[in-house]
Amino acid sequence: SKIHSFLQQLPKCEHHVHLEGCLTPELMFSLAARNGVTLPDPDTRPEFSSAEALYERYEHFTSLDDFLSYYFIGMSVLKQKDDYEALAWEYFQKAHADGVHHAEVFFDPQEHINRGVPYETVVMGFKAGCQRAEREYGMTTKLILCFVKHLPASDASKVFDLAWERGDFELGGALHGIGASSSEVGPPKDMFKEIYATAHSKGVQRTAHAGEEGDPSYIIAALDAYKSQRIDHGIRLIDSPSLMERVVQEEILLTVCPVSNIKLRCFDHISQVPIRMFLDAGVKFSINSDDPAYFGGFILHNYCAVQEAFGLSVTEWRTIALNSIQGSWVEQDRKLEME
Ligand code: ES4
Ligand code: ZN
């Protein structure tokens with residue numbers, strides 16, 4: 001349709017996609033076979049009997065933690081540098097087809113390290129995928145190291161120190177920032193406070209998942225304890241008008257993932273995602289895919305779902321696209337090129 005092609009052509013930036021969340025059941029089964037990784041037994045877990053059965057199960061996530069239990073099993077098939085490169089490359093091909101010009105992508109090194117995959121293997125593989133996208137598509141890419149809240153903060157510290165000592169956060173290094181993700185309600189809201197303070201003092205860019213399932217106090221913790229420059233999700237801002245005002249004043253970018261919010265039951269329908277409210281209040285946000293292989297669609301699917309529910313004007317779409325360019329962690333020249 002006409003609007004679909006307008007949204008496809010609009011130069012888009014993606015700020016919230018987990019590379020491990022791009023692992024399709026097809027690639028999962030093929031890597032499991034190749035690497036000799038045992039997935040759950042189909043006799044006791046029938047959803048692991050085929051790609052079709054997994055897709056069917058993905059239609060019925062009950063919560064963030066229910067989804068995460070599949071996400072962390074899925075990524076256990078990743079072993080070799082080539083696996084990481086192939087996964088990233090699959091994502092970039094889809095993103096390019098959807099009209100993404102610049103992508104900032106998350107990955108969870110702690111999980112891979114705990115399974116015995118060296119940090120270097122993970123980063124080198126993902127980086128090779130990024131470089132191929134830059135070479136073949138002229139896309140710009142940034143890798144964001146994500147800490148996971150269900151594992152000890154001391155593990156996260158070790159990964160940060162290792163990355164820092166390798167020079168990965170330096171200009172021209174593999175990494176461009178840090179994030180925090182996985183379970184929200186449960187772990188302490190400020191569990192990575194020391195790491196974020198160190199990152200801040202070293203000039204490392206900072207974002208954090210907050211206000212997805214958790215109340216606005218999680219967003220306050222990300223802003224105050226982490227000095228986070230962006231908030232990933234942030235949808236529970238709808239419960240605190242004063243905090244929403246602060247986010248507007250401080251020009252914090254929210255990376256919103258509408259389809260993810262429906263699949264993980266944060267809202268019943270896309271029309272309840274506060275797109276209209278954020279536009280009217282002047283909250284800056286980008287629209288993103290989160291875990292596209294698990295939620296049934298990449299970034300353009302999210303743009304189209306928002307259009308179907310809200311019927312935004314061309315001007316409003318240009319504002320969203322412009323805010324997402326300006327909120328990107330990329331050089332000024334590149335921003336001007338995309339505008
Ligand atoms: C995630 Cl949707 C979501 N929320 C929090 N952490 C995550 N990791 C991967 N997807
Ligand atoms: Zn996420």
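The buried residues of helix H16 pack against strand E1 (12–14), strand E8 and helix H17 (332–338). This is a predicted model: local features need pLDDT of at least 70, side-chain atom pairs count only at pLDDT 80 or more, and totals for chains, interfaces and linings use all residues. Residues are numbered from 1 along each chain as its sequence is written, while chains are lettered from A and ligands numbered from 1 in the order written.

**Helix H16**
- Helices (H or I, at least four residues) and strands (E, at least two) are DSSP runs, numbered from the N terminus.
- Ile320, Ala321, Asn323, Ser324 and Ile325 of H16 are buried. Buried means 20 or more other C-beta atoms within 10 Å of a residue's own, with C-beta atoms placed from the backbone.

**Listed binding site**
- UniProt, in an unreviewed entry, lists His16, His18, His209 and Asp290 for "binding site". They span 275 residues in sequence, yet no two of their C-alpha atoms are more than 11.8 Å apart, so they gather at one spot.
- Such positions use the numbering here, feature names are shortened, and annotations may be inferred rather than shown by experiment.

**His209**
- His209 lies in strand E5 (residues 207–210).
- His209 is buried, with 27 other C-beta atoms within 10 Å.

**Asp290**
- Asp290 sits in the loop between strand E8 (285–287) and helix H14 (292–295).
- Asp290 is buried, with 29 C-beta neighbours inside 10 Å.

Notes
Buried ≥ 20, exposed ≤ 12 C-beta atoms within 10 Å, placed from the backbone. Contact = placed C-beta atoms within 7 Å.
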